[in-house]
Amino acid sequence: MAHDICPIAVNQIGYPARAAKTACFTKAGEFRVVDAATGETVYTGRTGEARHDPDSGVSVAHGDFTALTAPGRYRIEMDGASSAAFDISDRPYHELHRGLLKAFYHFRCGMDLVPEIAGPWSRGACHLKPAVVYGDPERRIDGRGGWHDAGDYGKYTVPAAKAVADLLLAYECFPGAFREPVPIPETDGRMPDVLHECRYELDFLFNMQDEATGGVHHKLTTLGFPPLNRKAEEDDGDLYVMPVSPTATADFAAVMALASRVLRPFDPAYADRCLAAARRAWDWLERHPDAPGFRNPPGVSTGEYGDRRGDRDERYWAAAELYRATGEAAYHEAFRRLAREDFDRFALGWADMGGYGTAAYLMNGRDRADAALYDELLEGLRAEADRIAGLVDASGYRVSLERHEYVWGSNMLVMNDAMLLLIADRLLGNEAWRAAALDQIHYLLGRNVLGISFVTGYGERSCRDPHYRPGVADGIDDPVPGFVAGGPNAGLQDERMRAELQGKPPAQCYVDHRDSYAGNEVAIYWNSPAVFAVSAFAE
Ligand code: G3I
Ligand code: 9MR
Ligand code: ZN
């Protein structure tokens with residue numbers, strides 16, 4: 001059944017004691033903040049005026065309770081309605097942050113997930129068979145390990161590169177958020193767990209690089225999706241490694257170069273290996289300047305991750321990371337050349353990776369850059385952050401999405417915007433951008449028209465029934481915690497959405513049902529920008 005509109009929407013995890021605190025009401029009036037345990041009123045306030053919010057289809061009034069700073073657990077009440085409970089504390093996102101990162105362990109393929117770490121969601125090793133090279137049926141490669149992409153069991157290079165990049169950048173920008181172990185099996189007290197987790201995926205990605213050419217296979221999947229109730233360890237259809245693609249090769253080059261830089265202090269030999277793989281992938285790109293984009297070959301119906309807008313942005317990112325990792329003029333030259341091509345230089349994927357290239361070049365510093373290009377990119381970043389912050393200010397729920405952005409995986413766009421704002425804040429220093437980024441976390445955690453936290457297991461009214469095969473198959477009532485659901489999608493691209501959500505305004509186009517793969521699937525690259533964003537507030 002479609003969800004009701006929420007009269008009082010809050011971030012159901014909570015608010016940092018010193019941050020701005022706003023709840024969203026569907027009408028104006030007096031509100032009370034009450035102690036969740038005793039019901040005692042601790043704060044009273046009046047909302048601002050209610051204003052119609054077309055994307056959500058309701059009127060929204062903001063109730064500010066920034067002045068309440070005393071740590072505690074609260075609810076907000078108005079006219080007999082009560083919000084979900086939430087905390088005010090110095091570090092409210094500590095557990096959430098660990099949960100979002102721990103989700104990657106649950107995505108792991110090819111190893112036992114043991115009860116000591118996976119809890120009730122333990123399962124056996126899956127997808128151990130060698131993969132057939134598509135189009136060359138005599139050849140096999142070892143494609144074990146890595147993360148499943150999402151609610152399916154495919155492993156796709158392009159979105160994997162985004163996911164690893166987000167985690168590596170989160171660590172680079174906010175190392176203080178990663179001091180404590182998650183823990184995962186590799187926890188060693190020396191290298192932070194987030195980097196161990198990335199290595200699990202990088203180890204898999206190495207095998208996706210074709211030994212002979214240096215090109216990188218687009219994906220490793222079965223020919224089609226298995227049924228929704230198929231356990232990972234019983235998904236025994238033949239595995240195929242699909243053809244090499246330019247987007248996969250460029251994303252691989254970029255993320256390997258990035259990994260070489262971030263992992264070097266902990267394991268120089270591994271870093272060398274990453275860099276060598278990145279260089280080989282780059283050489284393939286140089287030899288294939290006009291290679292066609294990936295299309296699913298005959299007989300294959302798993303995720304395509306095609307890229308209608310081409311591979312210039314991925315190449316730009318690769319050149320930026322290789323330049324940043326090596327300081328070599330040839331990569332710098334390539335970057336400057338690619339910067340003149342036509343693509344979005346501030347988008348953060350999975351199809352549009354220009355923002356990663358820009359961020360890498362800017363974070364490398366002006367003294368190592370072409371000054372004119374550096375300044376142009378920095379000004380562009382400032383304008384983009386201002387644009388996003390303006391959208392937040394104009395939105396009832398203070399979410400950055402424009403009306404046409406309620407698409408499949410809209411929550412990724414929300415978290416990508418938060419990420420962009422935080423990168424801009426890091427380079428240019430602007431508290432308003434940081435505050436706008438925090439607003440995006442509030443939206444994700446329940447301050448939205450449906451009052452649903454889109455992170456499983458986090459929030460009193462969080463989503464519970466994601467499109468996620470291991471979870472459907474395990475028969476356990478509670479979902480694996482820490483997964484970000486795709487979110488509202490006005491495209492209604494599955495039967496369940498079409499049956500329940502016809503005619504709804506975009507922000508209400510979401511149903512917490514396992515069949516809704518176009519709105520309620522989970523995915524590594526929806527979790528990863530959330531890890532980045534929450535890291536900024538979890539140090
Ligand atoms: O950006 C366009 C916009 O220009 C257009 O107006 C609008 C109207 O439909 O659509 C927007 O594009 C959508 C695009 O996602 C946005 O990224 C497409 O409709 C939509 O079909 C597309 O969905 C992708 C989906 O696969 C289907 O191909 C999702 O991005 C992508 O995250 C998802 O990925 C799947 C994998 O294939 C398989 N594994 C699970 C994973 C998550 O669901
Ligand atoms: O379950 C699949 C999901 O993981 C993918 O993201 C999605 C992409 O199109 O496809 C889902 O599979 C559905 C298929 O596309 C259509 N028939 C129903 C399948 C779900 O059970
Ligand atoms: Zn698997």
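Select Asp272 first: with a relative accessible area of 44%, Asp272 is partly exposed, a class that lies between buried (under 20% relative accessible area) and exposed (over 50%), computed with a 1.4 Å probe on protein chains only. This is a predicted model, in which local features need pLDDT of at least 70 and side-chain atom pairs count only at pLDDT 80 or more, while totals for chains, interfaces and linings use all residues. Residues are numbered from 1 along each chain as its sequence is written, and side-chain values use heavy atoms, with hydrogens and water left out.

Arg264 counts as partly exposed, at 31% relative accessibility. Then select Asp393, Arg398, Asp439 and Arg447, which salt bridges with shared partners join into one network.

Next, go to Arg139, whose salt bridge with Asp210 has its closest N and O atoms 3.6 Å apart. This pair links distant parts of the chain, 71 residues apart, since Arg139 sits in strand 12 (residues 136-141) and Asp210 in the loop between helix 4 (193-208) and strand 14 (219-221); helices (H or I, at least four residues) and strands (E, at least two) are DSSP runs, numbered from the N terminus. Of the two partners, Arg139 is partly exposed at a relative accessible area of 36%, whereas Asp210 counts as buried at 12%.

For another pair, select Asp188 and Arg190, whose side chains form a salt bridge at 3.9 Å, N to O. Asp188 is partly exposed, with a relative accessible area of 37%, and Arg190, at 56%, counts as exposed. The structure as a whole holds 39 salt bridges.

Finally, select Ala19, Ala20, Arg434, Ala435 and Leu438, which lie nearest the centre of the second largest pocket among its 23 lining residues. A pocket is an open set of points on a 1 Å grid over the protein atoms alone, where a 1.4 Å probe fits, with protein on both sides within 12 Å along at least five of seven lines, and lining residues have an atom within 4 Å of a point. Helix 10 (371-394) and helix 12 (431-444) are the elements that give two or more residues to this lining, and helix 12 supplies the largest share, eight residues.

Definitions and conventions:
Chains are lettered from A and ligands numbered from 1 in the order in which they are written. A salt bridge is a side-chain nitrogen of Lys or Arg within 4 Å of a carboxyl oxygen of Asp or Glu.
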